[in-house]
Amino acid sequence: MHSLYANLLNETEKLWRQRRTKGFLLLALILPVVTVLLSSLLKMRAGMLFGLEGSLPVAMLHLFTFAIIPLYMAAAAAHSFAGEMAARTMKLVLLRPVTRARAYASKVIAIAVFAALCLGVLWIASTVSAWAVGGPAGGMADSLKAYAASFVPMMAIGLVCVFIAQLFSSGTSALMTIVLIYAAAKALPLLLPQLSAWSVFSYTRWDVLWTGSGAPAGTLLNTFLLLLSYIIMAYAAGLMMFARKQL
Amino acid sequence: MNSVLEVEGITKLFRNHRGVKDVSFTASEGEVFGFIGPNGAGKTTVLKIITGLIRPDRGNVRIMGHDIVERFEQAVSHTGCIIETPEAYEYMSARDNLKLSARFYKDLPASRIDEVLEKVGLKPYRNERVRGFSLGMKQRLGLASALLSAPRLVLLDEPTNGLDIEGMADFRSTVRQLADQGITFLISSHLVHDLSLIADRVGVMREGHLISLGREDEWNGAGMSLEQYVTFKLLESKEGEHDAQLIRQSAE
């Protein structure tokens, strides 16, 4: 297990050293504050009411889970897999005493760590910002539940990104392709609504089932199992590709 | 002497039908084993199989008695290597690159990083980003990275590429000094002169086959230089004239 831990530290450090990671976390920190400030300013100056302050944590969560976190995970997956292959630095990991399975697991966990960190920072920043202007609607426990629940579909999307990234030998082409697939997957259910039940990309607002009075336990369980099966399939398929890579 | 590396009948064929066929040899403690042959002979493929970067179709590799497939972590924990070009994270300093590698070895003292940087002459540049390094400096960093874990087996692929004359001399003396301390080296090169000054034993490769294994006293005893010995072996093997010509050219 030491090798898994060692490579997890390395992968986390490599992601942290990227400007995009710091920018992504900074965005999670300042966007709720800026939103509240702008909203208050418009209220004071023009008397316009958005009513956003109370629901700020959930509104921010939906913005981040719809676009920002999937985009970050796509970029991180493209960098950690296709990008490292292109830069030939993947060898630096695979020539060390760490099995392919552990190297793969540590890369995936590092991406998950930053997705979780972003959700944590966003929750704190948006809750504090909402408190500053009257307190979040629905209470803290409800929004915390929504944030925790959102991690599951984000992981499923992240693992699909990791799988796709391994089909490419350049980070840029991997990122472009993932973004196009994501956009298409988001748009397609508008034409074929029945697809949304099966597409992993349709569950980015899964948290709404957990908040308020919540969905029936059966619905929650079914959706959770669907997401879990996506997580298992994407992880296993990604691992198989990683283990077979010949450098 | 104890066998540090045992390679048994490894075969790997790629889609273009090139690769290595039935390669077997062993390397003992403190031995400098030279791997020589023209470009495309299969030297790098053998090194990649030994380090687990490529899985062979057939055959086994054991490092310090550990099978490279079944007990990968144990086997690789005894090795250090540069395969093809020495790579590094260019956005990090030399020291930070080694820090990342050092995390894999639990009992490595913190002073080891500066120790290996000093050994390869990079200590004054330890905090500079690798992006600004010359090829020779990257090669030295690769060597530092290979020696970091105090390995029992060091595999080096074309290690003198990019080194200046002084760098090559330093490299040879470092290898000899470490071999005398019991570290085994497997050095692949297409340059005969590189190996003639340090190798105790050479394996000659051609078209994926290990066509000959010879000791230093064999070519010295026959009054031949290593270059003449390799040329002789290549000529001796079927259709080896062209390869022998290439080796002669590289020696010139």
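This is a predicted model: local features need pLDDT of at least 70, side-chain atom pairs count only at pLDDT 80 or more; totals for chains, interfaces and linings use all residues.
Let's start inside. The largest nonpolar core has 133 residues. Those with the most contacts inside this core are Met73(A), Ala77(A), Ala78(A), Cys118(A), Cys161(A) and Ala165(A). Helix α3 of chain A, residues 56-86, brings the largest share of the core, with 16 residues.

Now hop over to chain B. Here you'll find four strands in an open sheet, ordered β2-β1-β4-β5, with antiparallel pairing. At the edges stand β2 (19-28) and β5 (66-67) of chain B, and each has a single partner strand, so one side of each is left without a neighbour in the sheet. Further in, β1 (residues 3-13) and β4 (residues 58-63) of chain B pair in the antiparallel sense over five bridges. If you look for Glu8(B), you'll see Asn60(B) of β4(B) opposite. Helix α1 of chain B, residues 43-50, lies across β1, β2 and β4 of that chain, and runs at about 115° to β1(B).

Finally, how do the two chains meet? On chain B, 17 residues are in contact with 19 residues of chain A. Two helices of chain B, α2 (72-76) and α3 (94-102), each supply at least two residues of the side that touches chain A. The most comes from α2(B), which gives three residues. By type, that side of chain B splits into 10 nonpolar, three polar and four charged residues.

Key:
Residues are numbered from 1 along each chain as its sequence is written. Chains are lettered from A and ligands numbered from 1 in the order in which they are written. A nonpolar core is a set of buried Ala, Val, Leu, Ile, Met, Phe, Trp, Tyr and Cys residues joined through C-beta atoms within 7 Å. A residue is buried if 20 or more other C-beta atoms lie within 10 Å of its own, exposed if 12 or fewer, and partly exposed in between; C-beta atoms are placed from the backbone. Two strands pair if DSSP finds at least two bridges between them. Two residues are in contact if their C-beta atoms, placed from the backbone, lie within 7 Å. Axes are lines fitted to C-alpha atoms, for helices over the stretch in contact, and angles run from 0 to 180 degrees between N-to-C directions. Ala, Val, Leu, Ile, Met, Phe, Trp, Tyr, Cys and Pro count as nonpolar, Asp, Glu, Lys and Arg as charged, and the others, Gly among them, as polar.
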